[in-house]
Amino acid sequence: IVEEIPQDTTVLDVTDVHALEKGSYDIPVPSSMNRFAIGLRGGFASTLTNVNGNGLSLGFDALLDLRYAHYWAEDNNKPMLGIMTGINLGYIQAKQSATLLDEFTLATDEGNVDYRVSADEIDETTHQIQLELPVMFSMVTPKGFFLNVGPKFILPVYSTYHQTITNPNISAYLPELSGKPITNNIVMGVLSEEQCNQRGSFNNEFKLAIALGLELGYEFKLKNGHSIDLGLYADYTVYSMYKNTSNGSLITITPPSASGIAVVDVLCLTNAYASKIGLLDAGLKLTYNLDFIK
């Protein structure tokens, strides 16, 4: 007689096997990532000086970005949040234009003289090489969208300008002669060719500025585990250490005296009229990311 041994009919649930082998999947697994990035961006730029109320005068900018960011997330299904910093080096070109009509009275040895200074057009182009130090909040979603927002500390390294004046005219009148014009250049003063087409340097007068930056776009994952960002950027200056110390006149005249003729001095549009130096720029950015997931 063969005795039958009862078989164990207990069915082990698949989830129990997973729980025994790897632990519960209900517990989120934290993740973190270090990112090193190199990128290029470029677009339009304006110095926002609003010379003579002419509003925006557009130029362009181009910058190289070197950045580092650290990200963390509760699990792979949640957006990764991080802090991004680095150093950006770029070139900014901006333009300003204005017309000129200025009238004033100066005291001379011979009495008061009324002056009238005008020009059909004044064009100024500024060139600036600058460093940017960003400290930005950064977010990357599982679907690949990214957002960077935060302050950028802007340090001008080298700033120059080129200004041209079209059809300048200086007139002088003696009030006691019922406004009869004076044609003597000793009293009037004249502009030289160099003053009508001048180049100069700001000697880092712009100092430090703080801009609020915004970057957003989409991230493409690569087979090697790294990624490429393609998106938009915009920066707006919220604080500037630039202080204008001029008297708000583009052309100044030192009146003639018994020992000398009238002397004419010319400033650039920025130094003459800008109350502050702001920056608005926006454009496209392309970044290659080296991602190291922990």
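Colleague: Is Asp-235 buried or exposed in this predicted model?
Modeller: Buried means under 20% relative accessible area. Asp-235 has 3% relative accessibility, so Asp-235 counts as buried.

Colleague: What is the distance between the closest N and O atoms of Asp-235 and Arg-41?
Modeller: A salt bridge needs a side-chain nitrogen of Lys or Arg within 4 Å of a carboxyl oxygen of Asp or Glu. Asp-235 and Arg-41 form such a bridge, and their closest N and O atoms are apart by 3.5 Å.

Colleague: How many residues apart in sequence are the parts that this pair ties together?
Modeller: Asp-235 belongs to strand S10 (residues 227-240) and Arg-41 to strand S1. The pair therefore ties together parts whose separation in sequence is 194 residues.

Colleague: Is Glu-103 buried or exposed?
Modeller: Glu-103 forms a salt bridge with Arg-116, with 3.3 Å between the closest N and O atoms. Exposed means over 50% relative accessible area. The relative accessible area of Glu-103 is 56%, so Glu-103 is exposed.

Colleague: How many charged residues are in the lining of the largest pocket?
Modeller: The largest pocket holds about 310 Å³ of space. Its lining has 18 residues, and among the closest to the centre are Met-80 and Lys-221. Six of the lining residues are nonpolar and five polar, while the charged ones number seven.

Notes: Residues numbered from 1 in each chain as written. Predicted model: local features only at pLDDT ≥ 70, side-chain atom pairs only at ≥ 80, totals over all residues. Heavy atoms only, no water. 1 Å grid on protein atoms, 1.4 Å probe; cavity = no way out; pocket = protein on both sides within 12 Å on 5 of 7 lines; lining within 4 Å. Points joined across faces, edges and corners; volume = space filled by probe spheres on them. Nonpolar A, V, L, I, M, F, W, Y, C, P; charged D, E, K, R; others polar. Helix = DSSP H or I, 4+ residues; strand = E, 2+ residues; numbered from the N terminus. Buried < 20%, exposed > 50% of the residue type's maximum accessible area, 1.4 Å probe, protein only.
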